[in-house]
Amino acid sequence: MIVSSAAQMMEWIETVVAEGVRRPGYPADDRVAQWAAGLFADFGLRDVRLPPVELEAWHPVGATLRAHLDADPATIVEVAAFALPYTMEKARVTAPLARAPEPGAIVVKECVLGRLPQALLREAATSFYDPEGVFDHLEQILPMDLDAMAGLGAAIEAGAAGFVGAFTGMPWESRDHYVPYDAVRRPLPAVWLSRDDSRRLLALMSEGPCTATLSVEAEVRPAVSRNVTGVLPGRSDQWVIIGSHHDAPWASAVEDASGVALVLAAARYWSQVPRERRPHNLLFLLTAGHMAHAAGTRAFIAANRDLLGKVVLQLHLEHAALRCEIVDGVLVPTADPEPRWWFTTQDPRLEKLVHDTLVAEDLRRSFVVRPDIFDPMPLTDGAFFFPEKVPRVHFLAAPMYLFDSADTLDKVDQAALEPLTRAAIRIVLGTDGWTRPPDL
C-alpha cells in the first residue's frame, strides 16, 4: 500500500500553516479552502464543490485588566488579556473583584488544565492498543479546564459585570486560549489571563479588597465560509465519507492542518485506485466553522440528509499530535504520540476492524471508545453525524496545546502521518460488502 509520504503531507501542513490564523470567516481560512479544492481537482476527484456555510466571524482586537488594591490605589496590577470568543464585543467596566459569582462584580475564577489518568480511560474503553504498557502510569493533560465554562455560566447567571479566567494552572506562559468555540454569544466581557499574570492578580487580591477595570474590544460579524467536497465513485451504491475541518483557532499545525493533510492523502490514494477496487462511493469533506459550533458539519448534514441513509461509514481524521513535556516552562515535543482516541460506533464488527487496524499499523497509545464516552456526542468536528445514527469512526488526539498559539509545526506527529493514512485506508477496505444497517 503506497501512500503519500510524510514529507509530502508535511508540505501540505506547512502550506496551510503559512496562511496564518484560520478562524471561521477569516481570509486565510478561505484561501485554504480554495487551495484544498484545487488539490481535489488535481487528484481527479469529481464534482468538486465549495458550498457556502453561513456563520458569525469573531475578530478580537484587544483586552486589558487593570486592578488596584482598595486600601492603596497606587498598588496596581495591569495586564494584557485574551477575550473569550463570542463574549461581549466592546466593553469597559469598573467593578470590585470577587472570587465567587456576585452581582455587579468582576468574577475571577482560578483555572487549571484538566488531567486524565490513562488507566482510568483504559477501564472505560471498548479496547486499547498499548504495547509499551504506558497506560498504567501515563496522565494526559487536557486542553481545557472542564469547570471554567461552568464558572462563566455562573457569573452570567449571578449578574456579574465581567469574568476573568485566571489560568494559574497553565503549564506554560500563555493567554492564547481559544475556548469556548461553540459560537454562543455571551452577554458579558470575559477574558483569559496567562499563568504569571494570573498569579500576580491573585496575589494582589490576597492583600485585600480590589477594584478593577476590564476593557475588551472585538468584532462579531456575519461571514460566509465554505466546505470543500469531492467524490470518487466506487463499485457499490453505498457511501463512505472521509472528513476533517480546515479552520483553526490560530495558524494551528495540529488543529487541524494535520487533519487536512490526512484527508488529502486519502483522496490522493483512492484517486489512483481503479473504480472497481473502491469498495464504495467515496466522498471527501473538509468542513468550515469547526470553531463555530461545527457550522460546516451541520450545514453538510442539512444539505445531504438524503445521502445519509446510504452511508456505511463516516470517517473523521483529526490531530496527528505529539505529546509535549514542560521543560523550564516551555512546551517541548517528545517523540511519543499524544494518546489517540478512536470514537467508534458500537458495532462489534466495526470495533474489531478498528482495533485490528491499530495493531496492524502499530498505532500505539490508542483507545477504541464509544462515541459518547465523554459527552452526549463525540468530541470531534464530525459530532453531529452521531444523532443522525451514521456509522462512524472518528480519530482525534487532544494535546494540551490544541487551542493555543503554541500549536506549531514541531508538534505534528510526522512519524504517524503515513500509518494513520494506511489505517484510514484499511478501515475503508474493511467495510467491503457492508451495507448501512437499518438503525444503530
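Colleague: How do you know that strand 5 and strand 12 pair?
Modeller: Keep in mind that this is a predicted model. Strand 5 (residues 90-98) and strand 12 (residues 210-226) are joined by 7 bridges and run antiparallel. Pairing takes at least two bridges, so with 7 bridges the two strands count as paired. Within that pair, Arg 92 sits opposite Ser 215 of strand 12.

Colleague: And where do they sit in the sheet, and what makes strand 3 and strand 4 edge strands?
Modeller: The sheet is open, with 8 strands in the order 3-2-12-5-6-10-11-4 and mixed pairing. Strand 3 (72-80) and strand 4 (82-83) each pair on one side only, and that makes them the edges.

Colleague: What makes Glu 89 and Arg 185 a salt bridge?
Modeller: Their side chains come to 3.0 Å, N to O. The cut-off is 4 Å, so this pair qualifies. It is one of 29 salt bridges found in the whole structure.

Colleague: Why do you say that this pair ties parts together?
Modeller: Because Glu 89 is in the loop between strand 4 and strand 5, while Arg 185 is in the loop between strand 10 (162-169) and strand 11 (190-193), parts that are 96 residues apart in sequence.

Colleague: Are those two side chains called buried, partly exposed or exposed, and why?
Modeller: Glu 89 has 23% relative accessibility and Arg 185 has 38%.

Colleague: What about Lys 352 and Asp 356, how far apart are they along helix 9?
Modeller: They are 4 residues apart, which means about one helical turn between them. Their side chains meet in a salt bridge at 2.6 Å, N to O. Lys 352, at 52% relative accessibility, is called exposed because the line is drawn at over 50%. Asp 356, at 37%, is partly exposed.
Modeller: As for networks, salt bridges with shared partners join Glu 132, Asp 336, Arg 364 and Arg 365 into one.

Colleague: Which residues make the nonpolar surface patch, and why can Val 327 belong to it?
Modeller: Val 327, Val 330 and Val 332 make a patch of about 200 Å². Val 327, in strand 17 (residues 322-327), has 39% relative accessibility. A patch member needs over 30%, so Val 327 passes, although it counts as partly exposed.

Colleague: Which residues touch the most other members of the largest nonpolar core?
Modeller: Of its 97 residues, those are Ile 13, Phe 40, Ile 242, Trp 270, Phe 284, Trp 342 and Tyr 401. Helix 6 (residues 253-271) gives the largest share, 13 residues. Apart from this core lies another of 25 residues, including Leu 204 and Val 216.

Colleague: Last one: which residues of helix 7 are buried, and what covers them?
Modeller: In helix 7 (residues 295-303) they are Ala 295, Gly 296, Thr 297, Phe 300 and Ile 301. Their cover includes strand 2 (52-69), strand 13 (228-232) and helix 8 (305-308).

Technical notes. Residues are numbered from 1 along each chain as its sequence is written. This is a predicted model: local features need pLDDT of at least 70, side-chain atom pairs count only at pLDDT 80 or more; totals for chains, interfaces and linings use all residues. Side-chain values use heavy atoms; hydrogens and water are left out. Buried means under 20% relative accessible area, exposed over 50%, partly exposed in between (1.4 Å probe, protein chains only). Contact means heavy atoms within 4.5 Å. Patches are made of residues with over 30% relative accessible area and no salt bridge: like charges are joined within 9 Å, nonpolar side chains (Val, Leu, Ile, Met, Phe, Trp, Tyr) within 5 Å. Accessible areas come from the Shrake-Rupley method with a 1.4 Å probe; for residues, only the protein chains shown count as cover. A nonpolar core is a set of buried Ala, Val, Leu, Ile, Met, Phe, Trp, Tyr and Cys residues joined through side-chain atoms within 4.5 Å.
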